[in-house]
Amino acid sequence: MSELWDVYTIDRKVTGKTCFRGEQGNLSEDEFHLWVMVWIKNPETGKYLISQRVADKDTDPLKWETVAGHSIKGETSLDSALREVKEEVGITLDPKGAKILATKVATSFDGRRHNWIRDSYYFETTKEPDLTKATTKEVEQTKWLSFTEIRKMYENGECCLNMGDLYGFELNPVPGNRYQDIIGQIVRGKIDRPMGSYHPRHKDLFYPVNYGYVDGVIGGDGAEQDIYLLGVDCAVTEYTGKVIAVYHRYDDNETKWIVVPCDENGDVANNVRIPDKDEIYAQIAFQEQFYNGVLVESIM
């Protein structure tokens, strides 16, 4: 029987609608489905668990990957991650050990329309995979390999493309201070790509939010630090705001600061609605869908 999936809004609210696996192409532009990737590392050896897809898979047969799968009706993404690990490699993981490495909301890229939300989880365990306990027959075999070994396989074309996400997790991790020296700052700057405008070179990139920079602060690319100004429903040219979160890009040398307008004392007006995490992911997806990253939030 085909899997039945919940249908979500772009900011991860359940709509009450469902779709069967394979029918996601029929969803409207404001409807999304949820899936997960699960990275499992042995903390004693530093090696990751990877698995080889069986030969009769429709896509990428016999290629190597990490555990992944779609969320079925009634599940949270964490439920899905735990179930997929049990189904594919026969390991029961402790949900308390779950960490989200990345979240991506995709609307369109690679020249095609997409409509999915993906969480990438990280777990540590010393448990061994046991395919006799797996409840599906999706995996041919498993291996524990170092990042260097996985990288070599990936560059030889032996892995699924999304295994490339591991490069960023290993080579450009979220810093240890988790941007707490940035979050909460009062910043000022200009909006050079206001809400309703298009990118000056990439004419198909439309800005549904105000996007600008911080005066006097240089970002990782050597230019002024970029920000998304949220909580504003019209185009503006300059701002004073408070940094409420940082979007960490694993596959780029830039981070993006998430800012809401405030006064000179850092007080946010009552009529400014501070978006929650899922709303932030949704509002910046028009551009961040091209990257792999995670939102590091403040405690307001």
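These are my notebook entries on a predicted model, from the whole chain down to single residues.

**Entry 1: the whole chain**

I began with the overall dimensions. Along the principal axes, the C-alpha atoms fill a box of roughly 60 × 40 × 35 Å. I then looked up the radius of gyration, which is 21 Å; a compact globule of 300 residues would have one near 19 Å, so the chain agrees with that expectation. For secondary structure I noted 4 helices and 15 strands.

Of the 300 residues, 49% are buried. Among contacts with a separation of 6 or more, 63% join residues 24 or more positions apart.

The surface was my next stop. The chain exposes about 14,800 Å², and carbon and sulfur atoms supply 49% of that area. I also looked at charge: there are 35 positive and 50 negative side chains. The centres of these two sets lie 3 Å apart.

**Entry 2: helix α2**

I picked helix α2, residues 147–155, and asked myself which of its residues are buried. They are Phe147, Ile150 and Met153. Down the axis of α2 the buried residues fall within an arc of 125°, so they line one face of the helix. A reminder to myself: an α-helix has 3.6 residues a turn, so residues three or four places apart point the same way.

I turned the view to the other side of α2 and found Thr148, Lys152 and Glu155 exposed. Then I checked what the buried residues pack against. The partners are three strands and a helix: β4 (47–53), β5 (64–65), β9 (139–145) and α3 (165–171). Just after α2 comes Gly157, with a positive phi of about 80°.

**Entry 3: positive phi away from glycine**

My reason for looking here is that most residues other than glycine have a negative phi. Arg12 has a phi near 65°, and Arg12 sits in the loop between β1 (4–8) and β2 (14–20). Tyr179 also has a phi near 65°, in the loop between α3 and β10. Is Tyr179 buried or exposed? Its relative accessible area is 9%, and the cut-off for buried is under 20%, so Tyr179 is buried.

**Entry 4: His70**

I moved on to His70, which belongs to strand β6, residues 67–70. With 15% relative accessibility, His70 counts as buried. I wanted to know what His70 touches once residues up to four places away in sequence are set aside. The partners are Glu3, Trp5, Arg21, His33, Leu34, Trp35, Glu75, Ser80, Arg83 and Glu84.

**Entry 5: Leu205**

My last stop was Leu205, found in the loop between β10 (186–193) and β11 (210–218). With neighbours within four places in sequence left aside, Leu205 is in contact with Ser197, Tyr198, His199, Phe286 and Gln287.

I also took one distance here. Leu205 and Asp192 are 13 residues apart in sequence, and their C-alpha atoms are 14 Å apart in space.

- Tyr179 is buried at 9% and lies in the α3 to β10 loop.
- His70 is buried at 15% and lies in strand β6.

Conventions:
Residues are numbered from 1 along each chain as its sequence is written. This is a predicted model: local features need pLDDT of at least 70, side-chain atom pairs count only at pLDDT 80 or more; totals for chains, interfaces and linings use all residues. Side-chain values use heavy atoms; hydrogens and water are left out. Buried means under 20% relative accessible area, exposed over 50%, partly exposed in between (1.4 Å probe, protein chains only). Helices (H or I, at least four residues) and strands (E, at least two) are DSSP runs, numbered from the N terminus. The arc is that of the directions from the helix axis to the C-beta atoms. Contact means heavy atoms within 4.5 Å. The radius of gyration is taken over C-alpha atoms; the globule rule is 2.2 Å times the number of residues to the power 0.38. Accessible areas come from the Shrake-Rupley method with a 1.4 Å probe; for residues, only the protein chains shown count as cover. Lys and Arg count as positive and Asp and Glu as negative; His and the chain ends are not counted. The place of a charge is taken as NZ of Lys, CZ of Arg, CG of Asp or CD of Glu.
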